[in-house]
Amino acid sequence: MIKLNVNGKIHDVEVDPSTPLLWVIREQLGLTGTKFGCGISQCGACTVHLNGTPIRSCVTPVQAAVDQLITTIEGVKTYDDELHPVQQAWIDEQVPQCGYCQSGQIMSAIALLDSNPSPTDVDIDNAMSGNICRCGTYPRIRRGIKRAALAIEASGENEESING
Amino acid sequence: MGKWTRRAFISAGVLTSGVVIFGVAVRPGNRADKVRDLIAKDDESVFNVWVKIAPDNTVTAILPHAEMGQGVHTTLAMMLAEELDADWDRLEVAEAPADKEYANYALGKGFVLGDADVPAFLIDTIDGVFLTIMQAMDMQITGGSSSVPMTGQQGMRVAGAATRAVLLEAAAKSWNVPVAELSASKSQVRHEKSARTAPYSEFAQQAAALSLPPKPRLKTPDEFTLLGTDVQRIDIPAKVNGSAMFGLDATPPGMKYATVKASPVFGTNVQSVNEASIQAMPGIRKVINLGDAVAVVADGYWQAKQALDRLEVKFEENGNETVEQSEIYHQFATDMDAATANNDEIADLEIGDARNALAGADTVIEAEYRVPYLAHAAMEPMNCTAWVHDDICEIWTGTQNPLGFAAEVANALEMDLENVHLNNAYLGGGFGRRAFPDYTIQAAKIAAEVAYPVKLIWSREEDMRHDHYRQASVSRFTAGLDGDGKTTAWINQYVDKYDPVEAPYPPYDIDNQYIHYAESGTHVPWGFWRSVDHSLHAFFTESFIDEVAIAAGEDPYQYRHNMLAGQPRIQKVLDLAAEKSNWDQPLPENWGRGIAVHKSFGTIVAQVVEVEVVAGKVFPRRVTCAVDAGFAMHPDGMKAQMESGIIYGLTAALYSDISIRHGAVAQSNFHDYEMLRMNESPEIETYIINSGEKIGGAGEPGTPAIAPALVNAIYNATRKRIRELPVKMHDLTLDDLESKDVA
Ligand code: FES
Ligand code: FES
């Protein structure tokens with residue numbers, strides 16, 4: 001039995017400890033917002049936070065996540081249960097197309113803004129280049145991050161995501 | 001149903017719940033003669049479009065197209081709401097399921113059954129005819145480019161306008177006033193003189209009893225209040241919080257997981273499977289030999305994948321094991337030469353006398369181009385969930401052709417189509433790939449062998465190696481110029497012609513043209529890839545015309561401009577792109593600028609690319625895009641599609657190369673089939689021209705011109721002419737600016 005803390009809830013799961021976290025999140029916990037794109041840490045579709053740091057869950061054995069705080073796209077709401085400023089910015093900039101990569105994009109973007117509230121273009125390049133978007137939403141993702149950064153700044157108190 | 005006598009056939013009905021529906025079925029506009037014949041023979045509707053009005057005045061648009069990111073649900077709903085004067089903020093949207101009953105336009109029959117209170121669309125796809133139709137129709141199914149011009153213009157708008165007309169007629173009767181005194185907005189009918197206002201729902205039942213006008217008056221663009229505005233896309237909120245359901249996310253109770261490995265060399269079968277090789281592995285349920293592939297079913301995907309990787313499988317040999325990419329190109333060249341030597345050239349387009357004109361030309365320019373196979377690499381790998389129980393087969397997947405897929409499953413399992421229930425999900429990218437049902441048939445066959453639902457997930461490697469690829473091709477040009485540098489002869493030979501017909505034709509005023517091709521089949525399966533033949537021919541023709549312009553000593557933009565006098569609409573788009581890009585402004589050192597223009601799917605797109613070449617690596621920095629699709633229904637959606645088409649095309653031009661090694665695809669995942677990423681993504685500005693001409697598509701036309709604009713920019717920066725894609729194979733280090741053309 002493996003104990004996992006996902007989005008603030010404790011789950012006991014029965015899996016081989018070498019199973020990638022991605023499949024445990026999707027299949028055992030039923031949280032399907034986290035996606036499978038490549039399985040080899042190339043695309044970022046499976047990005048979740050481990051103690052606030054973005055990781056590729058497709059190559060992270062579940063045992064490495066035991067006793068850590070795991071956050072998925074389903075868990076990024078702010079404390080007052082509203083959309084996270086990054087999610088709101090994604091709507092305002094009309095970022096997603098097919099949407100398949102966007103959970104991963106949003107997880108990477110939130111982690112970036114948590115550690116760097118006013119990123120430059122180069123910072124955005126560095127933080128986001130591990131996330132492929134086959135629909136080519138990069139220009140809008142860039143705008144979305146900048147918009148979210150302004151919104152977070154304007155809200156005064158850098159609203160943190162649950163594990164941010 | 002009798003023979004169709006009208007373009008649109010409309011009727012209405014009342015459901016038991018008090019919900020009223022209005023439907024319109026529309027025959028397709030015809031793009032290919034083959035298709036017209038196929039369709040004209042039967043009475044099936046291609047599009048059924050439906051409007052529901054509930055007692056609480058909620059209007060629901062039932063849309064016959066799959067949402068794969070192109071925003072089609074929003075645009076089609078806007079087109080309906082515009083003509084219906086519906087309240088956009090309270091409009092709901094549902095996607096029609098794949099159900100033959102509804103494709104038969106059986107209003108009232110089956111429509112009220114159970115919870116399935118929505119109809120479907122699409123061609124009669126039984127008997128496997130669908131593949132032929134689909135291929136002939138080139139993504140007519142849900143090709144992002146056809147939904148708006150076809151379904152939207154002929155279906156949604158007609159349905160909206162006809163429904164509005166009967167609602168007003170019913171209101172006029174009920175209030176006993178002339179219909180001309182009534183107006184409508186936000187799903188309300190208004191009689192100004194008596195200051196009465198009432199919701200549509202109040203008249204819906206009476207309206208349903210009236211006969212719908214077959215040709216209702218449609219609004220002119222100056223009457224639009226919704227179309228042409230930037231409403232928010234309706235699918236986006238679910239795509240920012242993980243709740244949007246893709247095919248991969250289906251979870252019927254008790255589901256297990258499967259993954260497959262097909263023969264690496266296309267077209268061969270499984271020879272033997274040694275199940276003992278994975279016997280000791282945990283969670284394994286079953287190994288299934290599917291003939292041309294082997295599947296492992298397990299409790300989880302990871303277990304299935306681990307086992308499949310270990311499973312000892314032998315495939316038969318069919319002689320293609322020795323085929324290499326270089327031989328394929330060699331075969332193309334040989335077949336092209338042979339066609340000419342044996343008088344076997346297949347004429348594609350003949351204008352004037354190109355050979356004669358060439359003989360009299362002052363200057364002759366020749367070049368040969370080639371492009372590789374390309375994978376679609378949709379972000380969501382192919383997957384499908386299937387459950388065979390109680391004589392039915394339930395399917396959950398993302399498809400561009402729901403009814404066609406259901407028909408294929410019915411064929412594969414020898415079931416009646418009505419027993420195949422297909423639930424279409426959001427598509428994690430389509431680009432043409434999800435018009436091919438191979439993955440769905442596999443899932444159904446696997447499910448038929450077990451007693452529980454199975455989710456089949458292809459690994460990325462399987463997805464990359466078993467695509468229906470954009471074809472590889474070679475194109476040879478000879479142009480003749482007169483003493484003034486004007487092109488007087490254009491001769492072009494290429495390999496294999498698919499669709500659309502006009503893809504290889506240059507838009508320019510050239511008096512003598514001879515375009516022909518040779519056929520050269522290979523064992524590599526091909527399929528529609530975003531913009532189909534346009535994706536290669538725009539690269540060929542728009543690169544070559546650039547060479548011609550430079551050889552004539554002229555500016556590539558001006559040269560094109562001068563040859564477009566006969567095509568003022570195209571000329572205008574070209575001019576706008578050039579102007580907005582500041583074409584004449586000098587660029588920094590190591591930068592270059594290139595232009596290209598191409599019309600596809602009724603839409604004209606011109607693009608100017610600025611590149612910077614740093615240590616031999618090309619960075620596209622800025623793209624200026626001008627587009628004329630007649631009228632942009634949803635301008636921000638149009639821009640998003642241009643951005644998407646540009647990045648998809650840049651990715652292909654810079655990096656993408658599917659090559660054949662030992663008969664199989666050499667590439668396997670994103671490390672060797674690379675994608676453009678955030679750090680290489682250019683700034684993109686899109687400028688829209690609403691010319692008022694016939695409505696064109698948006699999903700594909702952004703792609704064709706970008707590859708030639710890019711290589712033209714690279715030439716401008718480096719004086720190196722790239723004639724073979726992808727760009728990454730060429731040495732572009734700037735040590736020797738005078739170096740020869742590459743490729
Ligand atoms: S699925 Fe994990 S990085 Fe692609
Ligand atoms: S929105 Fe489709 S892959 Fe990013």
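Select Lys305(B) first: this residue belongs to helix H7 of chain B, residues 301–310 (helices being DSSP runs of H or I of at least four residues, numbered from the N terminus). The model is predicted, with pLDDT of at least 70 needed for local features and 80 or more for side-chain atom pairs, while totals for chains, interfaces and linings use all residues. Residues are numbered from 1 along each chain as its sequence is written, chains are lettered from A and ligands numbered from 1 in the order written, and side-chain values use heavy atoms, without hydrogens and water.

Lys305(B) counts as buried because its relative accessibility is 17% (buried means under 20% relative accessible area, with a 1.4 Å probe and protein chains only). Display next Thr259(B) and Ser459(B), which Lys305(B) touches when residues up to four places away in sequence are not counted (contact means heavy atoms within 4.5 Å).

Now turn to the interface, where 47 residues of chain A contact 60 residues of chain B. Select Gln97(A), Arg134(A) and Tyr138(A): they supply 20% of the area that chain A buries against chain B, more than any other three residues (buried area is the accessible area, 1.4 Å probe, that two parts lose on being put together, summed over both).

Then select Arg26(A) and Asp249(B), whose side chains form a salt bridge at 3.0 Å, N to O (a side-chain nitrogen of Lys or Arg within 4 Å of a carboxyl oxygen of Asp or Glu). Between chain A and chain B the count is four salt bridges.

Notes. Helices (H or I, at least four residues) and strands (E, at least two) are DSSP runs, numbered from the N terminus. Buried means under 20% relative accessible area, exposed over 50%, partly exposed in between (1.4 Å probe, protein chains only).
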